[in-house]
Protein chains: 2
Amino acid sequence: MENSYSKSVMLSPDGGSVVILDQTLLPNEIKYLELKTEYEVWEAISSLRVRGAPAIGIVSAFGIYVLTKDMTYDFFDEFKRIKKYLSTSRPTAINLSWALERMERCLDDNKDEDIGSIKEKLRIEAEAIRMEDEETCRLIGEYALSLLKPGMGILTHCNAGRLATAGDGTALSPIYLGNSRGYSFRVYAGETRPLLQGARLTVWELMQGSVDVTLICDSAASSLMKKGSVDAVIVGCDRVAMNGDTANKTGTSALAILAAAYDIPFYVCCPTSTLDPDAETGADITIEERDGKEIYEQWFKAPMAPEGVKTYNPAFDITDSKYITAIITEKGIIYPPYD
Amino acid sequence: MENSYSKSVMLSPDGGSVVILDQTLLPNEIKYLELKTEYEVWEAISSLRVRGAPAIGIVSAFGIYVLTKDMTYDFFDEFKRIKKYLSTSRPTAINLSWALERMERCLDDNKDEDIGSIKEKLRIEAEAIRMEDEETCRLIGEYALSLLKPGMGILTHCNAGRLATAGDGTALSPIYLGNSRGYSFRVYAGETRPLLQGARLTVWELMQGSVDVTLICDSAASSLMKKGSVDAVIVGCDRVAMNGDTANKTGTSALAILAAAYDIPFYVCCPTSTLDPDAETGADITIEERDGKEIYEQWFKAPMAPEGVKTYNPAFDITDSKYITAIITEKGIIYPPYD
């Protein structure tokens, strides 16, 4: 870790707030927010001030600790109400509910202790989720790096790096790790319309980390592959079904199909907490549809399309497992068949 | 034709200027420009105030007429110098050089006549190029429509419509024609990053034409296809090689590969003037690379990525012929093998 900025998600020293780097302002402004109320935590996740499946899990864990730590009256009921509320902030990344479930299990396992002790265990559990994620990132980096060679060109989509996790990221972890060992990767970042996580976040954090990164429009991936610049596609993900179907930022499935067509390996990096035993296939994964304004209005000086235009704006899509060369977890590399 | 705006390219009544609708200002402003100088014509093409392969050809034909019509001294040499100059305004669309060659042939064929008569013939030739394009669009529409069924969902990319031609467009021609016969197509327009011709131009002109159109980010095409909304992909093109490889706006090749993966037909519409007998395959087609600022700066209130970011910004890409179901011209439908 050689972040020149501090962590993207932290617990304040007094435990009174969740501190996040507001990712909606990057790369133009580096601003930390202190989240202290239920709505602030919910809104920070919902409006993508903090995003990235692992980071969302960590914020929700810190959040439920912060929001309940001073409660005396109705502590158990309030905990469950807040857990339910926070879990509605975004539907697709499973890490959100996974982290909240884990916090609830910690509560249930210690329910007979005194309330001060329970709260301390919740704080430790939330910190454990954060620390384990950092280690998970490191291990994913090692496994993924074993599939790569020095000097490779790597295309990634959205942001699955330091901003999305407590460590060096999932998809970007092998890049930081490899470069620290002299691999000198060339990285290509798809801008990731409509919210530009690739352009605004991935390019920013890779440049901070002195990685050679080139920004492309998402639509240029095919010609980039055709001209031989891409040796591997590496992405993170938000949920993996039992047959290997993977939900990740819209555009990911296109990259997988293109990679197959150009005979380029396509790797998905994620912690095992992203595997969803309740989803048999991608069809069982809820896909978030977001406001069409994200396409034609937000970020822009003038409307990009006429008033009243209709939009189709899913925030994620499903990558069929047949296009995924391997799934890399902190437990090892999984190859097809996945089911 | 039921344009509620006038043509996108015209000769002024006195023949003293080429009048174009400035497409860089759409959809927020409808402004016509009178092009009177060599640089104005060159710049209008180069900076995409007028774009679309057929429209570029028409502007260059009108342009060379306007720029030489009052010349007496060195008329022939000046004509050839200006022809050479205008042909450098953009490299990929073949229609530009095709129209200029045709104007020069008209000059050469009539070189023994008096100069007034030659100039009149040049005016008639330029008008003929425009009128023939209008008819070409109509015929492409008829042929393409024979492949479509009422109620189909059609995905298109960039703008190959009224704004790009003298008629109803190439890719969009069957849509206008079908809808005039009650076909009620659902059209999906990829926004076409970085210059947003889909969002700004296609959505605008289709809404003006009362067509049901939905804007998507280019990266959402895969999920749109997966959910069954797309029955056909129809695009225009800028140059077709002899083996059927086709140059069109960046992102087109991705749509072709995706369409093949989802078993959706992928149609290219173009006039025969777009076929290039000198290009054996797509490798023989020059691909324009444009300023990276188009990705991270232009159109935006703030930079979208950190200062100094590197970019890869081709304006077009090559669609391998194996992904093209048919090529539709005003002469009929061509199926593979193309060579």
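This is a predicted model: local features need pLDDT of at least 70, side-chain atom pairs count only at pLDDT 80 or more; totals for chains, interfaces and linings use all residues.
I started at Gly182(B), which sits just after α6(B) and takes a positive phi of about 85°. Residues are numbered from 1 along each chain as its sequence is written, chains are lettered from A and ligands numbered from 1 in the order in which they are written, and side-chain values use heavy atoms, with hydrogens and water left out.

**Helix α6, chain B.** I looked up how covered α6(B) (residues 173–180) is, and six of its eight residues are buried (under 20% relative accessible area, with exposed over 50% and partly exposed in between; 1.4 Å probe, protein chains only). Those are Ser173(B), Pro174(B), Ile175(B), Tyr176(B), Leu177(B) and Gly178(B). The cover includes α5, β4 (153–156), β5 (186–190), α7 (197–208) and β7 (232–235) of chain B. Helices (H or I, at least four residues) and strands (E, at least two) are DSSP runs, numbered from the N terminus.

**Helix α4, chain B.** Next I checked α4(B), residues 95–109: its 15 residues reach 21 Å from first C-alpha to last, close to the 21 Å expected at 1.5 Å a residue (1.5 Å times one less than the number of residues). Its buried residues include Leu96(B), Leu100(B), Met103(B) and Leu107(B). An α-helix has 3.6 residues a turn, so residues three or four places apart point the same way. Among the elements covering the buried residues of α4(B) are α1 (38–46) and α5 (115–145) of chain B.

**Arg239(B).** I found Arg239(B) in strand β8 (residues 239–240) of chain B. Arg239(B) counts as buried because its relative accessibility is 14%. Its side chain makes a polar contact of 2.8 Å with that of Asp276(B) (a pair of N or O atoms within 3.5 Å; within protein, one must be able to donate a hydrogen and the other to accept it, and residues adjacent in sequence count only if both atoms are side-chain atoms). Beyond four places in sequence, its contacts (heavy atoms within 4.5 Å) include Pro91(B), Asp245(B) and Ile285(B).

**Sheet in chain A.** Last, I traced an open three-stranded sheet in chain A, ordered β1-β2-β3 with antiparallel pairing (two strands pair if DSSP finds at least two bridges between them). β1 (9–11) and β3 (32–35) of chain A stand at the edges with a single partner strand each, so one side of each has no neighbour in the sheet. Four bridges join β2(A), residues 18–21, to β3(A). One partner I looked up was that of Val19(A), which is Glu34(A) in β3(A).
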